[in-house]
Amino acid sequence: MMWKASEIRTLTVPIVAVGAAVVVPGSSLVPMNMRRYILQIEAQNRFAGANILTLSKSELGVVTPLELFSFTLVDDYIPKPDGPIKEDSLPLYIIDGPPTGSVLTSFLVAANSAAGVTNLIVRYVDAD
Amino acid sequence: MEAILQTSHKDRWLEAGWNLALQFSEGWVVFRIKGREFSNMKPFSLGAVAAGANLAQWTQIQDAAARFFLMPQSPGFIYHHFWGITPPKARGYIQYEPTQDVGNLLSLTRGITLANGNIGYVNGDMSPYEGPYSPETEIFTMYQKYPAFNVLNPVTDAMANVKMAFETMKYSYTIVKSEPTIKSLLVGNQKVRKYTMGRVDPDAIKIPQWLTELVPKSLLEYTNTVMEAIA
């Protein structure tokens, strides 16, 4: 796959959920018959202490953890990968969208381990 | 991306002295190109398209005074267009002429919604806004004959501004009326570009009235006999 700059979408959102995972605020559903290619994730801890951000995918009703971002201190920042996305970057994760006629949906979910906020940036492309 | 692996649309422009055969429902008309001039329109903004939605109305690519950009303003010219679209997932559908769906497979009325819009479109991956444009986007237009477009946003995010880009070559022409020449152009080895105006199913678009005054009906019928291997 080759990505065009004009189709890369950026989701920038604070994650406030603790414990139970919730839909990542502002993230849209993966379109029907498409896949969401997640190219880059940046996470930063806003909590004054240790915190773990769990990022998962809910794919047609099945929730699968994708990644744990473990922070020690406030403002700890984890980019993955570090550096700009290239037009031939391999995706970190792929979320399958629903087939024609399905009532099921696919989307990102997240939660914190501590009572604080993390900031999350996800760059992705929805493609066939 | 598909188009990038193929030849550039610019290789499909016609040169002066080349021949162009256009198929109408009544028969073929053969033109010889006398001269050409480039033009383009980039961007043509279609505006915002909500997630999973299409345009409320088909657009005929007009200016504020309802003049058709894609149509020659007089009978003396033929326009040759290619187009691209952005964002890459925006699906462009064409009618040529308006209300006549081009690219349909099954139904009489082609769907352009999220539920039924998987047939007969060109999106920005197939024909990128920045080019090169897909051969499927090739359109020849003449006076009183112009296309219409609609767009579907198949993703779950709104598209803030769907834009099309058009590259155009304007040709002056003369009409070929010699029957032996027409026959050798239609079924022989001479260099000619053949193009069906609109669609083959159920039929090409009708010849414009002004052109019927320049091309005798008998000549149109002759082209049909040539194509049907009778003449």
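User: In which sense do strand β4 and strand β5 of chain A pair?

Analyst: In this predicted model, strand β4 of chain A covers residues 51-59 and strand β5 of chain A covers residues 62-71. Nine bridges join the two strands, and one of the bridge pairs sets A:Ser58 against A:Val63 in β5(A). The sense of the pairing is antiparallel.

User: How many residues lie between β4(A) and β5(A) in their hairpin?

Analyst: The two strands form a hairpin, and in its turn A:Leu60 has a positive phi of about 50 degrees. The number of residues between β4(A) and β5(A) is two.

User: How far apart in space are A:Pro65 and A:Val109, C-alpha to C-alpha?

Analyst: In sequence, A:Pro65 and A:Val109 are 44 residues apart. In space, taken from C-alpha to C-alpha, the distance between A:Pro65 and A:Val109 is 8.8 Å.

User: Which elements make up the secondary structure of chain A, and how many strands are there?

Analyst: Read from the N terminus on, the elements of chain A run β-β-β-β-β-β-β-β-β. The secondary structure of chain A has zero helices, and its number of strands is nine.

User: How many of the 10 residues of strand β9 of chain A are buried?

Analyst: Strand β9 of chain A, which covers residues 118-127, is described as mostly covered. Across chain A, 30% of the 128 residues count as buried, while in strand β9 of chain A the number of buried residues is seven.

User: How many bridges join β9(A) to strand β3 of chain A?

Analyst: Strand β1 of chain A, residues 9-15, runs antiparallel to β9(A) and is joined to it by seven bridges, with A:Ile15 having A:Thr118 as its bridge partner. Strand β3 of chain A, residues 35-45, also pairs with β9(A) in the antiparallel sense, and here A:Ile38 stands opposite A:Tyr124. The number of bridges between β3 and β9 of chain A is 10.

User: Which radius of gyration does chain A have?

Analyst: The C-alpha atoms of chain A fill a box of roughly 45 × 35 × 20 Å along the principal axes. With 128 residues, a compact globule would have a radius of gyration near 14 Å, and the value for chain A, which agrees with this, is 15 Å.

User: What percentage of the contacts in chain A between residues at least 6 apart in sequence join residues at least 24 apart?

Analyst: Two residues are in contact here if their C-beta atoms lie within 7 Å. Among the contacts between residues at least 6 apart in sequence, the part that joins residues at least 24 apart comes to 82%.

User: How many charged residues are on the side of chain A that touches chain B?

Analyst: The contact takes 11 residues from chain A and 10 residues from chain B. By class, the side of chain A has five nonpolar and two polar residues, and the number of charged residues is four.

User: Which strands stand at the edges of the six-strand sheet of chain B?

Analyst: Six strands of chain B form an open sheet with mixed pairing, in the order β6-β3-β8-β2-β1-β9, and the twist averages 35 degrees from one strand to the next. Within this sheet, strand β1, residues 19-24, runs antiparallel to strand β2, residues 27-49, over six bridges, and B:Phe24 has B:Gly27 as its bridge partner. Each edge strand has a single partner strand, so one side of each is left without a neighbour in the sheet, and these strands are β6 and β9 of chain B.

Terms used: Residues are numbered from 1 along each chain as its sequence is written. Chains are lettered from A and ligands numbered from 1 in the order in which they are written. This is a predicted model: local features need pLDDT of at least 70, side-chain atom pairs count only at pLDDT 80 or more; totals for chains, interfaces and linings use all residues. Helices (H or I, at least four residues) and strands (E, at least two) are DSSP runs, numbered from the N terminus. The radius of gyration is taken over C-alpha atoms; the globule rule is 2.2 Å times the number of residues to the power 0.38. A residue is buried if 20 or more other C-beta atoms lie within 10 Å of its own, exposed if 12 or fewer, and partly exposed in between; C-beta atoms are placed from the backbone. Ala, Val, Leu, Ile, Met, Phe, Trp, Tyr, Cys and Pro count as nonpolar, Asp, Glu, Lys and Arg as charged, and the others, Gly among them, as polar. Two strands pair if DSSP finds at least two bridges between them. Axes are lines fitted to C-alpha atoms, for helices over the stretch in contact, and angles run from 0 to 180 degrees between N-to-C directions.
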